[in-house]
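Welcome, and please open the model in your viewer. We will go from one selection to the next and see what each one holds.

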Amino acid sequence: MTDRVLRVSGRGFLPLYALAWAGAAIAYTPFLTILLPVRIEMIAGPASVHWLAVTTFIGAIAASIANILFGWASDRSGTRRPWVLAGLLLSGGLLMLVPHAATLPVLTALIIGWQVALNMMLGPLAAWAGDVVPDRHKGLLGGLLAFAPACGALTGALVTIPGLADPSARLTWVAAITAACIAPIILFGAGRAPGHETQSPAQAAAPIPMLRAMATRMWFARLLIQISEAALFAYLYVWLRGIDAGFGDAGVARLLAIVLLLAAPAALAAGYAADARRRPTLPLQISAVVGAVGLALMALATTGGAAATGFLVFGVSTNIFLALHSAQTLRVLPDARYRGRDLGLFNLTNTVPSLIMPSLTLGLVPLLGFPALFAVMALLALGAAWLLRGVSIGASDRQA
């Protein structure tokens with residue numbers, strides 16, 4: 001009976017899915033941002049920066065391929081649940097082997113295997129929401145997804161509390177917390193065979209070429225925002241220190257934490273309003289424009305306070321954009337039978353910016369400084385807002 005209710009309404013499924021998506025963020029955020037760099041530094045010493053770059057680059061390629069592959073595999077198999085479970089168990093097991101990797105080649109191979117196993121879980125899990133959550137709740141879904149990055153960051157802070165756990169135990173904590181978050185959806189979450197579910201009213205009413213055109217616009221809009229996100233993630237500390245030498249690593253960490261804590265409830269409110277007003281892309285356009293305003297403030301900043309304010313505006317707005325975009329993308333995928341595969345292709349917008357960003361930064365900053373970089377990024381954000389003007393997916397909500 002419970003599973004039937006979840007299938008019908010979609011509302012009961014949302015907290016299970018939000019918890020699972022938070023678990024997915026917990027699975028990789030503490031490891032990639034803190035625990036892996038520490039392990040590489042222990043093995044590589046002075047060469048740690050080089051090896052971290054190599055490991056991250058190869059791992060990102062493996063993750064991109066695996067996300068598409070396992071999303072497609074879950075489409076073909078007609079179910080998501082076994083893939084999520086297998087990926088959860090394999091990725092958790094490989095994570096706990098990391099402390100036993102004594103050489104850099106072994107550690108790199110282990111990370112590649114972990115990335116593949118992790119995306120065995122992430123690809124089908126991303127598509128699972130599209131199988132169950134109806135269009136009228138996509139905004140709420142996106143708002144709930146915004147809590148995942150904060151959960152990942154808070155878990156990283158928790159497991160690294162001095163004296164709480166040694167390096168090996170920290171990874172065990174991460175694997176255990178991840179499993180605790182994802183187990184409920186595996187046990188109780190509604191499922192729908194991907195090959196048999198009907199498309200949403202928006203998808204059923206629109207011709208396939210129109211859906212493909214809207215999906216393409218959504219893809220490029222996310223890519224433009226993600227390029228800015230990647231650049232700020234890599235160079236925020238350097239830029240802030242250049243404006244105000246008083247900014248230390250603790251100050252930057254607090255600033256990032258404030259962004260995540262403000263963005264989550266704001267995204268939830270924006271997503272709820274988008275559902276209520278049946279304007280699914282409006283919050284995306286607004287947040288992209290506000291992100292451009294934040295970048296303009298950053299370009300003009302000459303003091304630490306002004307710089308931090310500009311980044312807060314940018315960070316909160318783009319976190320809202322990315323969370324809501326993930327949910328609203330489900331509306332425009334052209335074929336529900338290949339939802340997992342298509343979401344894997346959308347996942348490339350998370351990895352491609354890491355290839356574009358270094359060239360963009362090196363081409364502008366040495367000659368013109370960070371203000372020029374932020375000006376270009378502001379134009380990219382405005383471009384994302386312009387692209388979304390051509391995505392008309394709100395009218396069908398009246399039928400949903």
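Is helix α6 (residues 138–145) largely enclosed by the rest of the structure, or exposed, and how many of its eight residues are buried? Select that helix: seven of the eight residues are buried, so helix α6 is largely enclosed by the rest of the structure. Buried here means under 20% relative accessible area, exposed means over 50%, and partly exposed lies in between (1.4 Å probe, protein chains only). Colour the buried ones next: they are Lys-138, Gly-139, Leu-140, Leu-141, Gly-142, Gly-143 and Leu-145.

Before moving on, a word on what you are looking at. This is a predicted model, in which local features need pLDDT of at least 70 and side-chain atom pairs count only at pLDDT 80 or more, while totals for chains, interfaces and linings use all residues. Residues are numbered from 1 along each chain as its sequence is written, and side-chain values use heavy atoms, with hydrogens and water left out.

Now select helix α5 (residues 104–132), where you will find Gly-113. With a relative accessibility of 26%, Gly-113 counts as partly exposed. Draw a distance from Gly-113 to Gly-142: the C-alpha atoms are 29 Å apart, and the two residues are 29 positions apart in sequence.

Zoom out to the whole protein. It has 16 helices and zero strands; these are DSSP runs numbered from the N terminus (helices H or I, at least four residues; strands E, at least two). Of the 400 residues, 53% count as buried.

Finally, colour by pLDDT, the predictor's confidence in each residue, from 0 to 100. The mean is 86, and 90% of the residues reach 70 or more. Helix α4 (residues 81–95) has the highest confidence, at a mean of 96, whereas helix α1 (residues 2–9) has the lowest, at 40. Select residues 1–9: their pLDDT is below 50, and this stretch has 18 contacts beyond near neighbours in sequence, a contact being heavy atoms within 4.5 Å. Then select residues 394–400, also below 50, with twelve such contacts. Where pLDDT is low, the predicted coordinates should not be read in detail.
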